[in-house]
Amino acid sequence: MSSSSSQKYEWSQTDGEVVVRVRVGTMAKDKIKVKMEAAQLTIVVAGESILKDALAYRIEPDDSFWSIEGEGDTRTLVISLAKKKDKQQWRGLTKEEEESVPGADVMAPDFDVLALEHDDDDPERVEEQEQNEIKLEARYKKLLEEKGIDDEATLQTFFALFDNCIQLYRLNKMYTYLQDVVPACRKRNDKYKLKAIQALAFVLWKQSKFKEALPLFHEMEGILGKGAALCENIAHTYNSMGNYDKAEEYFRQSLKFIEQEHGLNAGNRGGVLLGLGLVRDRLGRHREALPVIKQAYEFYKERARGAPASLQAKAGISCAKLHMKLGEMRQAEVYIREAVTMYEVTCGETSPLTASAYHELGKCLWMQRKREDAQNALARAYELEAMKDAWDLVVLLEIHNLLMDTHLKEIANINRTKFQEYFKIVDFVVGRVRKDLPQDGNAAVYYKAAGELKAWGGNYNAAKDLLNKAIPLFREEKSMDCSSLIQACNDMLGFCDRNLAGTQNSPMSFDIPTEKAQEAEKEPQDGPVIEEIFEDAESQAAADEVEELPAATFRLAEPQDFTQFLQLCRETGRNPLLTDQASFSKHLKNHGAGLCWAAVQGSTVCALALCGSDGIFAHVQQVLSAPTLGKGEEEVRKQLLTRCTESCREKQLRALRAEPSVAGERGGELLEALCWKPQNFIYTTPCATEAATTNGYPAASAAASSAPRPAAPPAPAPATAAAAPAPAPAAAAAAPAAAQGAPAANGNVARAMAAEDGGEPAGVPENMVPKEDFGPEGEGLELPTKITKYSWDQSNLNVSLYIPFDGVGSLPEQDVECVFRPKGVLLVIKKAGKRHWYKMPNLCREIDPASCSKKIKADQVVMKLKKVEKGETWSDLSDEKDRYQRQREYRIQHGDLKGATTEQLLADMYANANDEERAGLRDAMRVNREKRQEEAKGSS
């Protein structure tokens, strides 16, 4: 038993729990306050603070409890804290006590490496992880030398090091270590064999080596059998490889295992929903994907309980990307800004996840032409992406080009000194390209981009060095024609030479003349000559010669077009939909068979359209056209889409669909010119209505369906089709069942799954309901200023909501704003330049916004919410309790609680209860236990 220096409490521990004891004597129970959080413990007795400090290690609050033991003066408050990690030995109760104890020698034979192992559920603490990395790596190398790699202590230390380093994205380092660890572990028949295979599969997956990771996941499947987590990993891998049928198969298996193992809305359901949404996204069904992804976001948000969470941020980024594809930039920006804040808090300001979030934020802001904000976000993304261990040149080039766009496009004045702000980042990336990459055409592309930026910034000598580095690499590149790139480099070299020689004096700041001024300004001027530098000089040169280019011919896309597909992505600044040769070839043979078209000039693919089919509809997934087409670019895209439409019709598919963004610049205008019809941001062209009738799919249900469907049969001969009888009843009945995926498009994936499994979807409760959107007033709300305390009560007519806020009564009335919605309420208080806020977007029942009111008191805001249904009793302020009860009833009737024992039902109630309800359950269990003990004594 240990005690504090002040002797206010004593504590002890077992392998699984820490027990804290405080003598309270005859103190009434209502004078005792205990708050148990994951990393902090607060004890207050009769207003005196006994303890309020960070704990030495993390606990499981849901499994922790307190009680009063003893009688009279010996009554003692006993607090049982469930350890997050079993068998972890605490050297102090609080973090301060733990740090005051001399540290154990990490090199000692009995050192507990589990104390340094990363906790997956703990917010990432970068500095601590980096210190642990140094300690664990030193211990691992020492044990490796002394005991060898086959020793259990060596392996235990390595996997502690692995878990820590993975959080820091030390992928390359871990891959190198695993080359020795995996062969050693394969010889064993214990847990280390599986851990090694799992570790290598994870690293390969994170390095985007999906083809190498997949056999390892299947090897684990053979050892362990199928389970929720493993099926999810395999599904994500198939998804990344472009095998969407297999991906969906494994995602659905994972959802079933989750329901069996954890319940309807538990486990890693969020991750699986994200994967299912991504499948639809990659098939071009963005509108159908959005509610599935939003359901994953709400899952993680609910699980985080108001705290910043990296998984919520990840799902939010996915929501934002879909909103961007649908042209809904305002909604996208809200999600991304929240994700940036959460990643910085949970993963660190320099995390790769933070870098990606800033990249997405920069793209979203620039699409809204918020120039300065976009430049700041992209510059931060550029800096962070350049620092990544597993850095990606394609991503860096995309950021670089976007950043250049923000300074050069649609602007009245170009300030060339602004480019100097990026010199340091560019120099760092150039160093990594020279050191880490093969010196080929890819490296040359970056040298060229960096040289152009240096020239814009006025550093002509540095620009020349980079351009001269790029030219010979372009000449050696044989996979494509680089003559236009070489010419662009030579043009820029000429510009630099003239400025260095003094024959040209290009100003560092100049206005961009209007089109009319350019037309009038035909005669030579006196004074310095200003030479316009095009961001894409080779495209401009080609545009000037557009009449001389050979006419394009059209053919179906072929696997050997992959290299030129990547080149088109680079030239247009687009991310490739298919990232490797294998997935490109597979797409052309499976989902995209006979639907993808290429435009060819000479031997060069100058444009390409990727399409895919789900068996009912075809979807345009990516249209790329070379800038060198100049004025003919739009016509080539029209021709490509026309041929895709004809292929769709030949395959008896119902229609070809596309979002404006995938059709290229001014995509909506182009699709309308082809007579495609817009509806809900999706453009559609009819292709084979007769085929839809023959296949027996009702138009409305098939359009809404997100469930997998059988592929359309080959088109019958005309005579056969004319004579074909009506479908048999069984076939007709099967059609609506195949189309029952509609609920997923509306937000309830569980209903769609039940329908596909032959169940009744209407019986499945909603597990995601729409939450109120508060419009502009609800934007830009930051987590640090969130108001979390409130209370409420109700009468037959109203619900009263009380929000405490010190000094609110002294603020101007216009600084206290309430927004009422039928199912939500928002309060925003402006004070000292900050927006403090409280939001409840999912009230238990509907209210009448027009009849609601607010009253401002000295330190409190009171809101009166008018009930729509008079006399109706609300179970809680939010609808979460009602939704949970409906889901629980469904689980008892149909799900994981069907046939459960009383103990299992109570355990489930306890797991889903709040602190107050758990206290009641513990008291009830204690009373029952004491009653049984008394009965046992009486019978003896």
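A crossing of two helices is called left-handed if the near helix is turned anticlockwise from the far one by less than a right angle. In this predicted model, the crossing of helices H14 and H16 is left-handed.

**The pair H14 and H16**

Two packed helices are described by the angle between their axes and the distance between the axes. H14 and H16 pack at an angle of about 25°, and their axes lie 10 Å apart. H14 is therefore roughly parallel to H16, because angles under 35 degrees count as roughly parallel. The residues that meet are set out below.

| Helix | Residue range | Residues in the contact |
|---|---|---|
| H14 | residues 371-387 | Ala379, Tyr382, Glu383, Ala386, Met387 |
| H16 | residues 423-436 | Ile425, Val426, Phe428, Val429, Arg432 |

The residues of this contact of H14 with H16 comprise 8 nonpolar, no polar and 2 charged.

**Helix H7**

Helix H7 covers residues 228-241 and spans 20 Å from its first C-alpha to its last, close to the 20 Å expected at 1.5 Å a residue. Of the 14 residues in H7, 12 are buried; among them are Leu230, Glu232, His236 and Met241. Gly242 follows H7 and has a positive phi, near 90°.

**Tyr790**

Tyr790 belongs to the loop between helix H31 (749-756) and strand S18 (791-794). Its relative accessibility is 36%, so Tyr790 counts as partly exposed. Not counting residues up to four places away in sequence, Tyr790 touches Leu801, Tyr802, Ile803, Pro804, Tyr838, Met840 and Leu877. One of these, Pro804, is 14 residues from Tyr790 along the chain, with 6.7 Å between the two C-alpha atoms.

Technical notes
Residues numbered from 1 in each chain as written. Predicted model: local features only at pLDDT ≥ 70, side-chain atom pairs only at ≥ 80, totals over all residues. Heavy atoms only, no water. Axes fitted to C-alpha atoms, helices over the stretch in contact; angles between N-to-C directions. Helix = DSSP H or I, 4+ residues; strand = E, 2+ residues; numbered from the N terminus. Parallel < 35°, antiparallel > 145°, perpendicular 65-115°, else oblique. Contact = heavy atoms within 4.5 Å. Nonpolar A, V, L, I, M, F, W, Y, C, P; charged D, E, K, R; others polar. Expected span 1.5 Å × (residues − 1). Buried < 20%, exposed > 50% of the residue type's maximum accessible area, 1.4 Å probe, protein only.
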